Amino acid sequence: MREVSSGYGTMRVIHGLNFTIDPGERIGLVGLNGHGKTTLISTIVGMTGWQDGSIEFMGQQIGGRRSHGVGRNTPKIVRSGIAIAPQGDAIFPGLTVEENLASGAYTEGAWKTRKQRRDAILEVFPPLRTRLKQSAGTLSGGERRMVSVGRALMADAKLYLVDEPSLGLAPKISIGLVDALCKIDLGDGAMLIAEQNLPLLSGRCDRILGMHAGELKEDVGEAFGDIPPAAEM
Amino acid sequence: MIELIASGLVLASMYGLVAVGISLTWSSVGMLNLAQGFVFTFGGYVAFLFAQYMAKNFSIRDGVLLSLGVVLLGMIGSAIAGLIVGGLAFLPLHDRVNFPVRGLIATLAISIMGTQIFMLIFGPQSKPLPQIFGIKRLKIGEFSIAYGQVGTIVVATVVLLIVTLWMRRSRRGLQMRAMMMNPLGANMVGVSVRTTGMIALAISGALAGLASVLLGQIFFVSPTSGVQPLIVGLIISLAGGLGSMPGTVLAAVLLGFAEAVTARYTEQSFVPFVQFALVIAILTFKPRGLGGVLEDVRE
C-alpha cells in the first residue's frame, strides 16, 4: 500500500499510509476505537466512501483513486483472493451454519473442495461441529463469530482480514478464538488481525502495527509492553 | 368435483409462477417489480411471433417441437424482458438513496410504457397461441379433464420444484439466499449484487414467461394481459411472505382455489373480493405472511 488515504464524504479517516504485507505473515493491527482500523480494512476491499493512493495485491492494482460506487468492486477484490471477516458479524441468520460456511467458498476451486475445507475449520472451531444443521441466527455470540471467521477461512485466499475478533466476547472466549486464528496453517497466505486488546495479540503475531488517528506507528509492541495485561481487561 | 380441483390447481400454478418471480425479485434485489406484468406479456408476444413465423414459413401449426419452441421462446423472451427491466430500473439505481421507492416508480413507468408499446406494435386485439398440449381430454371414470389443464399443472409443479432445488443446492442459489439475508455480508464474501440481481431478474422473468404461455392456452395474449397476473401475483407474494418459496406456493394454491370455488358457485365478478378478503385475513393473523422467513432478516 502506498500513500493510501480514504474516508467517507468530507471526512478523511486514513492519512497517507504506506505498508507491505509479506506472504505467510501474520500481522496484528492495534489501535483504539475510532482510529481507523476498520476503515483501513474497508479501504483494502473498496468499501469506503472514497479513496486515493495505490493498493497493490499480488502485482494487481486493486485500489487507486475512487470517489463513488461504494462496494461495487468488493466482490471482485474478494474473488481475487482477499477474504474478510467483518467487524461484529455479517453472517446470514436464516441459513444453517453449514450453508454459511459454504457461502465463503466462493471461488470455483474452493467450492469443489468445500467439504474438506469445512472439516479443516471444524478442527479449528470444534463447537461448530454439533451446530452444522442449525440456523446461524440461533447461535450464541461466540459461535456466531466463529462462523463469521470460519466463513472467511473457507475462501481460497492469499490475504485474510479479520476485524476485531474479540469484540463483545467474554475474555476467555476471545483468547480461545485468537489462539485458534494464530494456529491455523495458512500456507503462503497472510493474515491481518485488527484488535483493540494488545495483550491478546502480543507474542502471537509476527509483527504488530499500531494505529493512531489514521496514521501507522510501526512495531509499537514494546511501547505498550509494560502495561500489565490486567489493565486491559 | 374433479373439474373444480383441476381449475383450482391450474390457477394456482399460474399465479404461483408469477408470484414466486415477484417474491424472488423482492427478496434478492430489494425491488418490488411492478413491471412483472410487462415481462409476462413480452414473453407471450415472443411466443406468438414464433408460432406465427412457423405457421407462415413452414406451415407448422402443431406438434411436439412447436409446443416446445413456444414454451422455450416464451421463457427466453420474458427472461430478456426481465434483464431489460434490470438494466433500466436496477443497475442504475440500486446503490442510490431510497432505492426501493425509486425502483418501484421506475418499474411502474416501464409497465405503463410497455403496455403502450405493445398496443402500438400489435394493436389492441388479442393474439392466440397454439394449443401446446393438444385439445384432447383425459378421462378419469365419468369425469374428464383437458390435457391443457393437466399439462399446465405438471409443468408448473416441475419447474417450481427445479427452481426450489436449485436455490437449495447450487452455488448460485446459495449466493442468492445469502443476498436475501444480508446484502452487505454477501458483498463481503464475493457475491456481486449486480450480477446476482440480474440473474434473479432473468429467472423470475422466465417463470413469468412460462406462466404467460400457459395462460395463453386459456386467454389470448393482449397488451394488457399482464395486469391481472401482476395484481394477483403481488397479493399472493405478500400473503406468502415475501422471499419464502413454500409460503408463496401455499398462498397461490389457496387463492387459486378461492377463485375456482367463487367463480363456480357465485359469479366471476366476486373473485377479486374473495381474493382480497382472504389476503387481508391472512395478513391480519400472520402479518409476515404464511412463510414469514423474513421475520428477523431484512428490514
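**Exercise 1. In this predicted model, work out how helices α6 and α8 of chain B are oriented to each other.**

*Solution.* Start with the two elements: α6(B) covers residues 171-181 and α8(B) covers residues 193-215. Next, look at their axes, which come within 10 Å and cross at roughly 105°. Angles of 65 to 115 degrees count as roughly perpendicular. The two helices, α6(B) and α8(B), are therefore roughly perpendicular to each other.

Now find the residues that touch. From α6(B) come B:Arg172, B:Gln175, B:Met176 and B:Met179, while α8(B) brings B:Val193, B:Thr196, B:Gly197, B:Ile199, B:Ala200 and B:Ile203. Sorted by class, the residues of this contact are six nonpolar, three polar and one charged.

**Exercise 2. Describe how α9 and α11 of chain B pack, giving the angle and the handedness of the crossing.**

*Solution.* First, locate the helices: residues 227-240 form α9(B), and residues 271-285 form α11(B). Their axes lie 9 Å apart, at an angle of about 20°. Angles under 35 degrees count as roughly parallel, and α9(B) and α11(B) are therefore roughly parallel to each other. As for handedness, their crossing is left-handed.

Then list the contact. On the α9(B) side you will find B:Ile231, B:Val232, B:Ile235, B:Leu238 and B:Ala239; facing them on α11(B) are B:Gln275, B:Phe276, B:Val279, B:Ile282 and B:Leu283. By class, that gives nine nonpolar residues, one polar and no charged ones.

**Exercise 3. Describe the interface between chains A and B through its contacts, buried area and salt bridges.**

*Solution.* Begin with the contacts: 25 residues of chain A meet 23 residues of chain B. Move on to the area, where about 2,100 Å² is buried between the chains, with 63% of it given by carbon and sulfur atoms. On the chain A side, A:Arg72, A:Phe92 and A:Tyr106 supply 30% of the area that this chain buries against chain B, more than any other three residues.

Last, check for charge pairs. There is one salt bridge between chain A and chain B. A:Glu99 pairs with B:Arg177, their closest N and O atoms being 3.0 Å apart.

Technical notes
Residues are numbered from 1 along each chain as its sequence is written. Chains are lettered from A and ligands numbered from 1 in the order in which they are written. This is a predicted model: local features need pLDDT of at least 70, side-chain atom pairs count only at pLDDT 80 or more; totals for chains, interfaces and linings use all residues. Side-chain values use heavy atoms; hydrogens and water are left out. Axes are lines fitted to C-alpha atoms, for helices over the stretch in contact, and angles run from 0 to 180 degrees between N-to-C directions. Helices (H or I, at least four residues) and strands (E, at least two) are DSSP runs, numbered from the N terminus. Angles under 35 degrees count as roughly parallel, over 145 as roughly antiparallel, 65 to 115 as roughly perpendicular and the rest as oblique. A crossing is left-handed if the near helix is turned anticlockwise from the far one by less than a right angle, and right-handed if clockwise. Contact means heavy atoms within 4.5 Å. Ala, Val, Leu, Ile, Met, Phe, Trp, Tyr, Cys and Pro count as nonpolar, Asp, Glu, Lys and Arg as charged, and the others, Gly among them, as polar. Buried area is the accessible area (1.4 Å probe) that two parts lose on being put together, summed over both. A salt bridge is a side-chain nitrogen of Lys or Arg within 4 Å of a carboxyl oxygen of Asp or Glu.
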